[in-house]
Amino acid sequence: MITIKPIVATDHIEAMAPLWVDHREELTTNKELMVLKPDMETYIRLEDGGHLLSLGAFDGNLLVGYSLNINHPMLHYADVMACQNDVLYLDPAYRLGSAGLRLIRTTERAAKEAGCDIMLWHAKYDTSLFALLEKMKYRTQEAIFTRVL
């Protein structure tokens, strides 16, 4: 059974690295522009400041997924604390059961415990995450449009 628990993300960088590569290959658009190069200094700064909420999905001691989130007051609504998902990924071999849903639900609970008022997820259209979030009664609040310049 998959165990989901809070982690110190910077302690799991080596275990995350191959998952980040798989994540990019599966879901990244504009691959010629979006070259994988995590900004570790910013992750460390956010984590040290208590603004990085990180969870890992484990099969025994093997990291098979993650949810990294940034907690911050919203810029236009300073009294609203947001938990904004940065990256969410679960190895495809572990998606058939409930691990993905549990990773999302555990992230929600941890965000609430951290004092967040709202949870924000980025999901590409036509993905299982998009469909799952709709089933969970999340609603699309706005769309992000992109164009490579």
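Reader: How many salt bridges does the count come to in this structure?
Author: This is a predicted model, in which local features need pLDDT of at least 70 and side-chain atom pairs count only at pLDDT 80 or more, while totals for chains, interfaces and linings use all residues. Residues are numbered from 1 along each chain as its sequence is written, and side-chain values use heavy atoms, with hydrogens and water left out. A salt bridge is taken here as a side-chain nitrogen of Lys or Arg within 4 Å of a carboxyl oxygen of Asp or Glu. By this rule, the number of salt bridges is 3.

Reader: Which residue forms a salt bridge with Glu26?
Author: Glu26 belongs to helix α1 (residues 13-27), and its partner sits 69 residues apart from it, in the loop between β4 (81-90) and α3, so that the pair links distant parts of the chain; helices (H or I, at least four residues) and strands (E, at least two) are DSSP runs numbered from the N terminus. The closest N and O atoms of the pair are 2.8 Å apart, and the partner of Glu26 is Arg95.

Reader: In which helix do Glu108 and Arg105 both lie?
Author: These two residues form a salt bridge whose closest N and O atoms are 3.0 Å apart. Glu108 and Arg105 are 3 residues apart, about one turn of the helix, and the helix that holds both is α3.

Reader: With which side chain does the side chain of Thr107 make a polar contact?
Author: Thr107 lies in helix α3 (residues 99-113), and at 0% relative accessibility it counts as buried. Leaving aside residues up to four places away in sequence, Thr107 touches Leu53, Leu55, Ser67, Asn69, Met119 and Trp121, where contact means heavy atoms within 4.5 Å. A polar contact is a pair of N or O atoms within 3.5 Å; within protein, one must be able to donate a hydrogen and the other to accept it, and residues adjacent in sequence count only if both atoms are side-chain atoms. For the side chain of Thr107, the partner, at 2.9 Å, is the side chain of Ser67.

How values were computed
Buried means under 20% relative accessible area, exposed over 50%, partly exposed in between (1.4 Å probe, protein chains only).
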